[in-house]
Amino acid sequence: MRRTNSSSTSSIRRGNRAPSARTASILLCIALIVAALFAVVAPAPAAAASIDQVAVKITQKDGSKKTSASATFPSPMAKELSLAPTDALTIALQISAKSSDNDDLPLAQQVVLALSGASTEATAVIEAGSNGRYELVLDLARIGTLDSVKNNPGTYEATVYVSGGNFGTPVAYRIATVTVTGSSDNAAASVDKTYAPKPEIHHVFRPDEKMPPVALSQLFSLLVLAPWGLLAILWLSIGVNVSNLFASASNFFWGTSFIVSLAATLGLYYVYWLQLNMFQFLGYGTVLWFVTAAIGWRALVARAAFRLK
């Protein structure tokens, strides 16, 4: 009887523990859901930086200042700006930090200038400088700088967009109204030609050298051939005897071969004058001259043998 009572008592205790564990789990889930809802609807952190002042300067093509204006956030500039296709636009933006809680973050992650018109829009990034100064210089005279704006004159709204960094939420600051003057034809006529196509280069060949008169060239040719004529005249005057060349078969073969080798040497000089270079001439000449010397020696031996008979 005692054992039965004790077992029933333990089962009653276990049954009481189970509902309390389930209740704790349900309460924990409810707490997590409430915390998530508060995180979603919690307001964004306030911006730790602000725009102090914006300055705009417009200069003409010759460098002289055309106009300048400034504005304090969030008010736009009071006067309307006029911008010609050959002007240069300079925008300086000063941003300062409200507190030093987020010193590890930049003042602004991205600063962009937008010119919005009725039919077109153009943007340009404003670069960061030192001490919270952001500056942009646009030379409209250069090809590729706001071409869509230059080719569509009219009224544009100049707006600066600042986001990231110490800005909790992005800021859109309309700074001024800009009137772009001129037309696409005038803009194209006055655009700086720095990046324009260069004039076509026409190759000019060197003029031919002046040749001497034909009569003078022929005279020098005759002077070159004159020694051969003089040699023939001298041979005829002393009475050249070629009968020994046919005295024997050995004399005829070696003598004729020697004369042919001498003629080949003259021919080599002629070819060298026309197309061979020095190395080719010496290479061919070395072989030919060795053959000529050997044939000449054999011709002399044959002549001496014939005289000894």
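Trainee: Which strands form a hairpin with 4 residues between them, and which residue in the turn has a positive phi?

Mentor: In this predicted model, the hairpin is made by strand 7 and strand 8, and Asn131 in its turn has a phi of about 60 degrees. As a general idea, most residues other than glycine have a negative phi, and most peptide bonds are trans. The two strands run antiparallel and are joined by 2 bridges. Within this pairing, Glu127 stands opposite Glu135 of strand 8.

Trainee: Where is a peptide bond that is cis?

Mentor: The bond leading from Phe73 to Pro74 is cis, and its omega is near 5 degrees. Pro74 is placed in the loop that links strand 2 with strand 3.

Trainee: Which residues of strand 8 make up the covered face, and which the uncovered one?

Mentor: In a regular strand the side chains alternate between the two faces of the sheet. In strand 8, which spans residues 133-139, Tyr134, Leu136 and Leu138 belong to the covered face, whereas Arg133, Glu135, Val137 and Asp139 belong to the uncovered one.

Trainee: With which residue does Glu135 form a salt bridge?

Mentor: Side chains of opposite charge can pair when their charged atoms come close. The partner of Glu135 is Arg133, and their closest N and O atoms are 2.9 Å apart. Glu135 is partly exposed at a relative accessible area of 35%, and Arg133 is partly exposed at 38%.

Trainee: How many salt bridges does the structure hold?

Mentor: There are 3 salt bridges in the structure. One of them joins the side chains of Asp87 and Lys66, at 2.9 Å from N to O. Asp87 is in the loop between strand 3 (81-83) and strand 4 (88-97), while Lys66 is in strand 2 (residues 65-72), so this pair ties together parts 21 residues apart in sequence.

Trainee: Is Asp87 buried or exposed?

Mentor: The cut-off for buried is a relative accessible area under 20%. Asp87 has 2% relative accessibility and therefore counts as buried.

Trainee: Which side chain meets that of Arg174 in a salt bridge?

Mentor: The side chain of Glu157 does so, with 2.9 Å from N to O. Because Arg174 lies in strand 10 (residues 171-180) and Glu157 in strand 9 (residues 154-163), the pair ties together parts that are 17 residues apart in sequence. Arg174 is partly exposed, with a relative accessible area of 38%, and Glu157 is also partly exposed, at 29%.

Trainee: In what sense do strand 9 and strand 10 pair?

Mentor: Their pairing is antiparallel and extends over 9 bridges. Thr159 stands opposite Arg174 of strand 10. Both strands belong to an open sheet of 5 strands, ordered 3-10-9-5-6, in which the pairing is mixed. At the edges stand strand 3 and strand 6 (121-125); each has a single partner strand, so one side of each has no neighbour in the sheet. From one strand to the next, the twist averages 30 degrees.

Trainee: At what angle do helix 5 and helix 6 pack?

Mentor: Two packed helices are described by the angle between their axes and the distance between the axes. Helix 5 (residues 249-274) packs with helix 6 (residues 278-308) at an angle of about 160 degrees, and their axes are 8 Å apart. Helix 5 is therefore roughly antiparallel to helix 6. The crossing of these two helices is left-handed. The residues of their contact comprise 16 nonpolar, 9 polar and 2 charged.

Note on methods
Residues numbered from 1 in each chain as written. Predicted model: local features only at pLDDT ≥ 70, side-chain atom pairs only at ≥ 80, totals over all residues. Heavy atoms only, no water. Salt bridge = Lys/Arg side-chain N within 4 Å of Asp/Glu carboxyl O. Buried < 20%, exposed > 50% of the residue type's maximum accessible area, 1.4 Å probe, protein only. Axes fitted to C-alpha atoms, helices over the stretch in contact; angles between N-to-C directions. Parallel < 35°, antiparallel > 145°, perpendicular 65-115°, else oblique. Left-handed = near helix turned anticlockwise from the far one by under 90°. Nonpolar A, V, L, I, M, F, W, Y, C, P; charged D, E, K, R; others polar. Pairing = 2+ DSSP bridges.
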